[in-house]
Amino acid sequence: MSWFIRPAREGDLDALLDLARMTGGGFTNLPPDRDALARRLAWSAESFARELQAPDNELYMLFLEEAGTGRIGGTAVLFSRVGAEWPFYSYKVGQVTQSSRELKRTFTNQVLYLTNDYDGASEVGGLFLHPELRVAGLGRLLARSRYMFIAQHRERFGARVLAELRGYLTPDGGSPFWDGVGAKFFGMPFQDADHFNSLHGNQFIADLMPKHPIYTALLPETAREVIGRPHDSGVPAMKLLESEGFAHDGYVDIFDGGPTVCCRTDQIRTVRDSRAASLAELTPSGAGLPRALMASGRLLDFRAWWGHADWRADGLALPRPEADMVGIAAGASLRHAPA
């Protein structure tokens, strides 16, 4: 066990920019723009420093770091409350059924409704792992560390948590959904619109997007067939979310048509199944101790890692090397979740 999760720091900008340049586009929360990323790091630092008892438009950025080398291998983001600064727009996929007695025909049409149904929810996103590190469960560590962070700071998050998955993109980075819908009203290619949104927010959607329902039968087939389809590289992330209890309830992203999934916060598997305890015993090694997802500390002291732990009458037993790596001693407060 040589990798762990910790909060972002001011000096992470170069590493964050390197990761952003590897995404291939479509990652609204990770734009390959130095100034935009610097603002996100500043926002994260301010959020960690706040004393709060309720969510209020915070952003918490986490990093995957290799112990000993300091190498950054990935990042993930939590938003405490969407829709606080500007409305959070989604398309709700619904249907309209119409009948004609004279023709003796009934037609059911799929319709996209522009909504703000998720305003007030928390969001997990911005998860990106260096391509060379997509082994040994590091992606799962990044993903589940967000839920351990929520469990450690439950008062800072809402009653629901959502995640937007990147929609299907063509090999050249284009979006069939955007070409069939958004491009008609904004006069710009997907990459430009997505970049503008990542830098300035989506108020321009409110200004220019039509408020009336859109019948998908009027869209090109290329746009219709990708509604609710995640990007090929996002399928594993979708499976991880589903394993935590997230479900797709018919909402899709307004830019690329990717699925939005949601779960009640207290029913997220890692949140629900995690338990707080104190560090009761330090063992020489992890031999004989079951593997577990571990976390310690609050706010800037937060750490999460794949570790080894077992229950004792007065708390948890943990290998000394793991405790030393994350800087905790006997008596420290821990959070344990099954691996």
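The protein has 11 helices and 16 strands, counted as DSSP runs (H or I, at least four residues, for helices; E, at least two, for strands) and numbered from the N terminus. This is a predicted model, in which local features need pLDDT of at least 70, side-chain atom pairs count only at pLDDT 80 or more, and totals for chains, interfaces and linings use all residues. Residues are numbered from 1 along each chain as its sequence is written, and side-chain values use heavy atoms, with hydrogens and water left out.

On to overall shape. The C-alpha trace spans about 80 × 45 × 35 Å along its principal axes. The radius of gyration, taken over C-alpha atoms, is 22 Å. That agrees with a compact globule of 339 residues, which would come in near 20 Å by the rule of 2.2 Å times the number of residues to the power 0.38. Of the 339 residues, 52% are buried, meaning under 20% relative accessible area with a 1.4 Å probe, protein chains only. Take the contacts (heavy atoms within 4.5 Å) between residues at least 6 apart in sequence: 69% of them join residues at least 24 apart.

Now for some strand pairing, which calls for at least two DSSP bridges between two strands. Strand 4 (residues 90-100) runs antiparallel to strand 5 (residues 105-115), with 11 bridges joining them. Within this pair, Tyr 91 sits opposite Leu 114 of strand 5.

Key
Buried means under 20% relative accessible area, exposed over 50%, partly exposed in between (1.4 Å probe, protein chains only).
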